[in-house]
Amino acid sequence: MIIVGLHFLLVPFLKNIMGEAQYVMQDAALMNYIDRRILSLENRLEKCNQDILDYVEEFRDFSKMVLSRLSGLNSYKTEVKDEVENLLTRVERAQRDIDYFGSVRDSKTCVEVDEDLVKQQLLEEAEEKRKLKVILNASCDHMLAGVKSLKIVKKTGDKHGSWMKDPGKKHAKIYLLNGPVNNVIFEFANIMTFMESNHTLKARRVILPFPWEGTGHIIYQGFLFYHRHGSLNEILKFNIQKRNIVDHMLLPGAGRIPAYQLSPSTKIDLAIDEQGLWAIHAEPEIGGNIVITKINHITMSVEHTWDTTCSSKDAEAAFMACNTLYVVYNFPSGGTSRIQCAYDVLGAVNTYEIPVLHFPKRQGSHSTIHYDPKEKQLLAWGDGSQIIYKLQNQQKG
């Protein structure tokens with residue numbers, strides 16, 4: 001009886017224990033399954049994070065490439081815009097030439113010339129010349145007859161540079177701009193201060209926001225006019241006292257080749273004479289000959305342009321004096337500089353009758369030659385030396 005009783009007690013107990021063990025095993029399997037799922041999710045999240053990092057890095061590289069391409073496109077846009085403006089200028093000139101030749105060419109058919117038409121054309125040409133004289137305020141009656149003497153004021157700076165006075169101001173300040181690319185102007189109180197041994201100690205330094213290119217800059221009425229470095233043909237107008245850019249312009253047709261073959265760093269040479277601001281450059285469409293442009297220095301706009309007969313080949317510098325361009329030539333290895341081409345924009349001088357004018361007592365080359373209309377002399381930079389040339393003039397005509 002006792003054994004039977006124990007049997008009835010043990011059977012439910014064992015069933016209960018086995019049931020609980022089965023539940024424990026089921027829970028363990030479930031936990032193991034959940035752990036595997038969580039681990040799988042963690043692996044997927046880690047892979048997702050790595051993919052995101054890879055995508056971010058690829059996007060950064062793509063962004064850099066896009067920005068680089070956009071920068072290049074902006075540069076190309078500027079170049080294309082300049083080329084289009086230059087092309088439009090050339091087309092306008094070509095159209096004027098076509099109209100002119102179309103009006104004066106001989107017809108193969110027998111056509112009687114209309115005298116009234118000829119008179120009208122002559123009147124228009126005379127009116128054009130009159131307008132040019134008004135624009136230039138033509139009061140110049142002298143021309144260059146010779147370079148009679150020189151004075152080496154100082155020897156300082158690089159082989160290439162420029163020094164000048166401001167002919168539009170009453171002060172006697174001297175300005176020195178050293179090198180074909182720079183952004184520092186040295187301003188001296190007068191020529192005596194400039195001639196002292198250490199020129200930088202007593203000079204006022206003026207820092208430009210953009211560097212210049214070449215040596216063809218000029219100072220006039222308190223402003224520095226210069227070709228901006230890195231641009232094709234942009235001319236900046238800089239207020240020296242206030243130290244800021246006040247205006248700019250693009251010079252059509254300029255900047256593609258050097259203005260002078262022997263001074264390759266200068267693409268645009270700016271000049272001052274009795275009539276104001278000029279630009280000198282060369283154009284490949286006319287065989288590399290020199291082009292001169294009269295610029296209104298107040299509005300920074302082109303007033304008139306002339307294609308000259310003076311070649312830029314073997315030229316080292318040029319200057320404007322009394323509405324006339326004088327081009328200075330030399331040998332590639334250096335030698336005696338000489339003026340052997342001149343071009344009077346008003347036709348008052350027969351340029352073919354001007355003799356070759358040699359610079360005196362000096363062997364070498366010039367990087368710049370500027371005309372000072374106030375003193376009627378040349379300020380030149382030759383192989384690091386600052387030189388003054390005295391001129392000999394004679395009456396035109």
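This is a guided tour of the structure above, stop by stop, saying what to select and what is found there.

The model is predicted, so local features are described only where pLDDT is at least 70 and side-chain atom pairs only at pLDDT 80 or more, while totals for chains, interfaces and linings use all residues. Residues are numbered from 1 along each chain as its sequence is written, and side-chain values use heavy atoms, with hydrogens and water left out.

**The whole chain**

Begin with the protein chain in a cartoon view, where 3 helices and 20 strands can be found; helices (H or I, at least four residues) and strands (E, at least two) are DSSP runs, numbered from the N terminus. Of the 397 residues, 39% are buried, where buried means under 20% relative accessible area, exposed means over 50% and partly exposed lies in between (1.4 Å probe, protein chains only). Among contacts (heavy atoms within 4.5 Å) with a separation of 6 or more, 54% join residues 24 or more positions apart.

Next, colour by pLDDT, which is the predictor's confidence in each residue, from 0 to 100. The chain averages 84, and 79% of the residues score at least 70. Select residues 104–111, where pLDDT stays under 50 and the model has 0 contacts beyond four places in sequence.

**A nonpolar patch**

Select Leu30, Met31, Tyr33, Ile34 and Ile38, which form a nonpolar patch on the surface with about 460 Å² of accessible area together. Patches are made of residues with over 30% relative accessible area and no salt bridge, like charges being joined within 9 Å and nonpolar side chains (Val, Leu, Ile, Met, Phe, Trp, Tyr) within 5 Å; accessible areas come from the Shrake-Rupley method with a 1.4 Å probe, and for residues only the protein chains shown count as cover. Leu30 sits in helix H1 (residues 2–104) and is partly exposed, at a relative accessible area of 46%.

**Salt bridges**

The structure holds 8 salt bridges, each a side-chain nitrogen of Lys or Arg within 4 Å of a carboxyl oxygen of Asp or Glu.

Move to Glu274 and Lys376, whose closest N and O atoms are 3.8 Å apart in another salt bridge. Glu274 lies in the loop between strand S10 (269–273) and strand S11 (276–282), and Lys376 in the loop between strand S18 (368–372) and strand S19 (377–382), so the pair ties together parts that are 102 residues apart in sequence.

Then select Glu303 and Lys294, which form a salt bridge at 3.9 Å, N to O; Glu303 is partly exposed at 28%, but Lys294 is buried at 4% relative accessibility. Finally, display Lys173, Glu187 and Arg204 together to see a network of salt bridges.

**Two loop residues**

Lys267 lies in the loop between strand S9 (244–250) and S10. Lys267 is buried yet has no salt bridge, the nearest side chain of opposite charge being that of Glu213, 4.3 Å away; for charge, Lys and Arg count as positive and Asp and Glu as negative, with His and the chain ends not counted.

End at His297, in the loop between strand S12 (289–296) and strand S13 (301–311), where this residue is buried at 14% relative accessibility. Leaving aside residues up to four places away in sequence, His297 touches Tyr220, Gln221, Phe225, Lys237 and Leu277.
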